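Have a look at the sequence and the structure first, and then read on.

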Amino acid sequence: MIVLGVILLLLGWLLGISILSTVGTILLVVGLVLLLLGSVGRPLGGRRWYY
């Protein structure tokens, strides 16, 4: 999810499409939050790791 967020963010920035940048930013933030919660050992949605 983090990689997809970065790719969409870069594509949106390079192509000038703001919706891609917005979606990329959202995916990047959600991916980082899930990574952080998984790394501290807190299960989220029945899964301990999201990578």
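Which residues are buried in H1? Gly 5, Leu 8 and Gly 12 are the buried ones in this helix. Keep in mind as you read that the model is predicted.

## The chain as a whole

The chain holds 2 helices and 0 strands. Of its 51 residues, 16% count as buried. The accessible surface comes to about 3900 Å², and carbon and sulfur atoms own 76% of that area.

What about contacts between parts of the chain that are apart in sequence? Taking contacts between residues at least 6 apart in sequence, 22% join residues at least 24 apart.

Let's start with the length of H1.

The buried residues of H1 fall within an arc of 70 degrees, so they line one face. There is a simple idea behind such a pattern: an α-helix has 3.6 residues a turn, so residues three or four places apart point the same way. On the other side of H1 you will find Val 3, Trp 13 and Leu 14, which are exposed. H2 is among the elements that cover the buried residues of H1. Just after H1 comes Gly 16, with a positive phi of about 80 degrees.

H2 has 22 residues. From its first C-alpha to its last it reaches 31 Å, close to the 32 Å expected at 1.5 Å a residue.

Which residues of H2 are buried? They are Ser 21, Gly 24, Gly 31, Leu 34 and Gly 38. Seen down the axis of H2, these buried residues fall within an arc of 160 degrees, so they too line one face of their helix. The face turned away from that buried side carries the exposed residues Ser 18, Ile 19 and Leu 36. The buried residues of H2 pack against H1. Just after H2, Gly 41 takes a positive phi of about 90 degrees.

## Where the helices meet

Begin with Gly 5, which sits in helix H1. Why does Gly 5 count as buried? Buried means under 20% relative accessible area, and Gly 5 has a relative accessibility of 0%, so it counts as buried. Leaving aside residues up to four places away in sequence, Gly 5 touches Gly 24, Leu 27 and Leu 28. Gly 5 and Ser 21 are 16 residues apart in sequence, while their C-alpha atoms are 8.6 Å apart in space.

Next, find Ser 21 in helix H2. Ser 21 is buried, with a relative accessible area of 18%. Its contacts, again not counting residues up to four places away in sequence, are Leu 8, Leu 9, Gly 12 and Trp 13. Leu 28 also lies in helix H2, but this residue is partly exposed, with a relative accessible area of 22%. Leu 28 touches Ile 2, Gly 5, Val 6 and Leu 9, with residues up to four places away in sequence left out. Leu 28 and Leu 8 are 20 residues apart in sequence and 9.3 Å apart in space, from C-alpha to C-alpha.

## A nonpolar patch on the surface

Now turn to the outside of the model. A nonpolar patch on the surface is formed by Val 3, Val 6, Ile 7, Leu 10, Leu 11, Trp 13, Leu 14, Leu 15, Ile 17, Ile 19 and Val 23, which together have about 1100 Å² of accessible area. The elements that give two or more residues to the patch are helix H1 (2-15) and helix H2 (18-39).

Which helix gives the most to the nonpolar patch? H1 does, with 8 residues. One of the patch residues is Ile 7, found in helix H1. Is Ile 7 buried or partly exposed? With a relative accessible area of 42%, Ile 7 is partly exposed.

Note on methods: Residues numbered from 1 in each chain as written. Predicted model: local features only at pLDDT ≥ 70, side-chain atom pairs only at ≥ 80, totals over all residues. Heavy atoms only, no water. Patch = residues over 30% accessible without salt bridge, like charges linked within 9 Å, V, L, I, M, F, W, Y side chains within 5 Å. Areas by Shrake-Rupley, 256 points an atom, 1.4 Å probe, with all protein chains shown as cover. Salt bridge = Lys/Arg side-chain N within 4 Å of Asp/Glu carboxyl O. Helix = DSSP H or I, 4+ residues; strand = E, 2+ residues; numbered from the N terminus. Buried < 20%, exposed > 50% of the residue type's maximum accessible area, 1.4 Å probe, protein only. Contact = heavy atoms within 4.5 Å. Arc of directions from axis to C-beta. Expected span 1.5 Å × (residues − 1).
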